[in-house]
Amino acid sequence: MTEARPAAATSASLWEREEEVAAITRAVDALCEGRSPSGHLLVLRGEAGVGKTALLAETRRIAENRNCAVWSARGGEALKSVPFNVVRQLLQPALLSLLPEETREYLGDWYDVAGPALGIAEPGEAPADPQGVCDGLVAAVRRLTRRDYPLVMLIDDAHWADQETLRWLAAFVERLDDLSVLVVVARRPGEVRGDAARDLDAIGVAAGQAVTSLSSLTPAAIAGLTRELLGEHADAAFCREVWAVTDGNPYDTVELLAKVRDKELEPSESSAAELRPLNRAARGGGLVDRLEELGIEATRFAMAAAILGGVGISIDEASRLAVMDRDTAVRCAELLRTARILTEPDAATVPAVDGDLEFVHPLIATAVYDNIPPSLRTAWHGVAAKIVTEAGKGLAAASRHLIQVHPEGDQELVEQLRGAAGEHLAVGAPDAARRCLERALAEPPAPDIHARVLYDLGCATLLTAPARTVDHLRTALAMPGLDAEERVQAVYRLSQALLHNDQLEEAVRTVEAEAARLAPGPAKTRLQAVQFMWEGVHAGEATSPGRSEQLAALAAACTGRDNAERALLILRGFDAMTHGENAEEVVEFCDRSLVNGRLAPGLGWTDQEWGIELLMMLSSSYAYTDRLDRADTLFNEALRTYKSSGWSGGHLALAHGYLGLGLRRRGKLKEAEESLRESLRIAERVGRGLPLYWSATCNLVDVLLARGHVEEAWQVSEDYGFGPPYPSTIVLPDPRSVRGRLLIAVGRVTEGVNELEEAEKAAVARGHLNPVMVPWAVDLARALAVVDPVRAARLASDARRQAERFGTDTAIGEALRCAAALETGQRAVRLAHQAVTYLEASPCQYEHAAARIEYGILARSVTEINRGLTLARTCGADGLTRKAEQALDMW
């Protein structure tokens, strides 16, 4: 059998890797020569010791020979709970080459968002939005990669990367299209579960065909490697036994052959029987036996190194942990280097780290760590935490050790874990915060702070695990320890979690029960406002009898002296708007909730006391009462605030969605479509089925129908599941009305009529009589004009009456448009002219354009049609444009 020898191997682990090296070479060459139209991703999969790290080292060599910049990082089994650990390693070359002021200038708006996660900026006071931090890191790295192009990024042991890095990497590799970057990721198969597994799978999907699974070496390759390292005289039987003992694993083979050399064994058949005992000494108990042969001090030093982590091990920190002086530690380190247990970091394969040593291979680090007696391991983690904090690295850095300490009711440890959780939340790592707080509960906390720890934990898991948050907060509220203000806040957070968990009825009942037990005062007023808020966003029937009357009575006494009263004024305005009460009164309530025309302190878009729902009620009340200037101001302020604060999850999706709603109301349909598509993109990332997802989808379908893009609207409806069952929270505009209009537009008239009749039932049950927000009546009247003209006329008359009660130009104009469509002759012309008069005074240009064209056609006026055509083109209403052009062509 012919032995397979690598053409230009720089490592024994590159035997039989010619195809992989060739693929890497092609990718690097394409990157350097600009032949690749976009960045490229390669994924190397293989078991431990199969040669992934060697291929990354070869990638570095090839890239540096072609003058590429190379960034590299490595996951660590002991460090996978450290947030942003791997991405920080990866960016070190770029960040260290910049002065602090240069970094701030280069990253721009993303500095304050991504900077804390990268450890180059102080975090803000409020918890950072995890999705915003992820997006900020993607943007920051994209900017930095353009500075260091052509760039090769190497990530080793990705299966041990921290969750935050994996989330970033999964997002980053989807956006390589315009970057001169080659990303090479090495990982073991399996190893991880949950979110980490999903992110690694997503990275594999992004790589497509560029995922390489590395296999063990063949007997021929092992024979060639054996003879290269021991001499050509190694006989076939010996070589065959080397392969059998190591199962063709390159790392195990190299380690075994090194021991053969150390023992000065003859590579012949007579020595083959000694190979298995030698191989066992490389891992597990055999490795520990070999380690003990080096002496107690060397063993303690190796164990201390394993506690501190597999890479970046400081001799000073290890000596403190092992309780030995520095000279002894240096001697132990040398012994362990000679024994191929520890080594100095190789700058050619791993990034610069704050440390002097690393384990030769992760398998060795794992074996040493696993063989530390459990009681000693737990105690040393406690000492390591103290060493890390005394070194000024912070509680967050020490938390991976703190969570390993044996529970024994240590209240100082509880406070340290709470502090670490706060640091993690501040940089956008709620999963790490959750681990710290769960460990604090296991201590356990003293009775007087137990409820506070549960409350902290509930807040940390609010967005990521609402069901778990519900349990934590309910338990906290059932225990003593929360003061009056904390208890109110806990009830509010619990109701939020119930809302996110689609338990809206329970959310209402929770705040109602707590409010009932409180004496009159600010706390009771706040909880009453929260109850009315959740009932206000409930799409079902009113959850408490006389709700509107109670709300009106409370709001009547409000002067807006504090935020609880301002919240009640906003809720009263929204309730009046949805019920179709006089629009001027609606606006008056909303205006009274402001301070000098602006949101009050504590009621801002990122303030946590009340949440986004209240402000969206305020904004939409303005939008549906024709005060679009005020609505636009609020919508744009929300978008600016969330972008600058790095909030790019559900809050940003809602901001884009409501901005789209405002643009739709104003008649800027192209801009509305762009904003809503962005809202839907973000909403999909957050999760389908949530209220923000429904809002984006419903508004996008509405805008596409207004533009006349019926087929596209239907496709969006099909792709995104826009249809019954509808969510339990209110969606603006009414989804049943929009769905009914869509069905009629695609020719499914009977289904559309049925849907509009369901919209009527739901609106009547809820008291939603605003004809603009819930426009089922005018669409149903038009649909029934031929088959049931009597009912159609009655519906149009009712819609006009409701519109006049509401009193906005848009509502009255739309009702008149509907009435004109049901009439003929001069009466139709007069009604259409009245519609134009009202809608000309309205800020809603699309409705004005439609009324102008319809009036022009009825009056056979080319001038009016042309005026409507100009408006339609300005709006981007292609359907109206076609209608006007066809009418002009006829004349």
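Mentor: Let's start with a word we need at once: a contact means heavy atoms within 4.5 Å. The model is predicted, so local features need pLDDT of at least 70 and side-chain atom pairs pLDDT 80 or more, while totals for chains, interfaces and linings use all residues. Residues are numbered from 1 along each chain as its sequence is written, and side-chain values use heavy atoms, leaving out hydrogens and water.

Trainee: What share of the contacts with a separation of 6 or more joins residues 24 or more positions apart?

Mentor: In the protein chain, that share is 67%.

Trainee: How many helices and strands does the protein chain have?

Mentor: There are 44 helices and seven strands, read as DSSP runs (helices H or I, at least four residues; strands E, at least two) numbered from the N terminus.

Trainee: Which strands form the open sheet, and in what order?

Mentor: Five strands do, in the order β2-β3-β4-β1-β5, with parallel pairing. Two strands pair if DSSP finds at least two bridges between them.

Trainee: What makes β2 and β5 edge strands?

Mentor: β2 (69-74) and β5 (211-213) each have a single partner strand, so one side of each is left without a neighbour in the sheet.

Trainee: How do you know that β1 and β4 are paired?

Mentor: Set the count against the rule of at least two bridges: six bridges join β1 (residues 40-45) to β4 (residues 181-187), so the pair qualifies. Within it, L44 stands opposite A186 in β4.

Trainee: Which strands does helix α2 touch?

Mentor: Helix α2 (residues 52-65) packs on the sheet and touches β1, β2, β3 (151-156) and β4. The direction of α2 makes about 165° with that of β3; such angles run from 0 to 180 degrees between N-to-C directions, with axes fitted to C-alpha atoms, for helices over the stretch in contact. Helix α3 (residues 85-96) lies across β2 and β3, at about 155° to β2.

Trainee: Why is T625 called buried?

Mentor: Buried means under 20% relative accessible area, with over 50% exposed and partly exposed in between (1.4 Å probe, protein chains only). T625 has 0% relative accessibility, so T625 counts as buried. You will find T625 in the loop between α30 (612-623) and α31 (628-645).

Trainee: Which residues does T625 touch?

Mentor: Not counting residues up to four places away in sequence, T625 touches M577, A583, V586, V587, F806 and T808.

Trainee: What share of the protein chain is buried?

Mentor: Buried residues make up 57% of the 891 residues.
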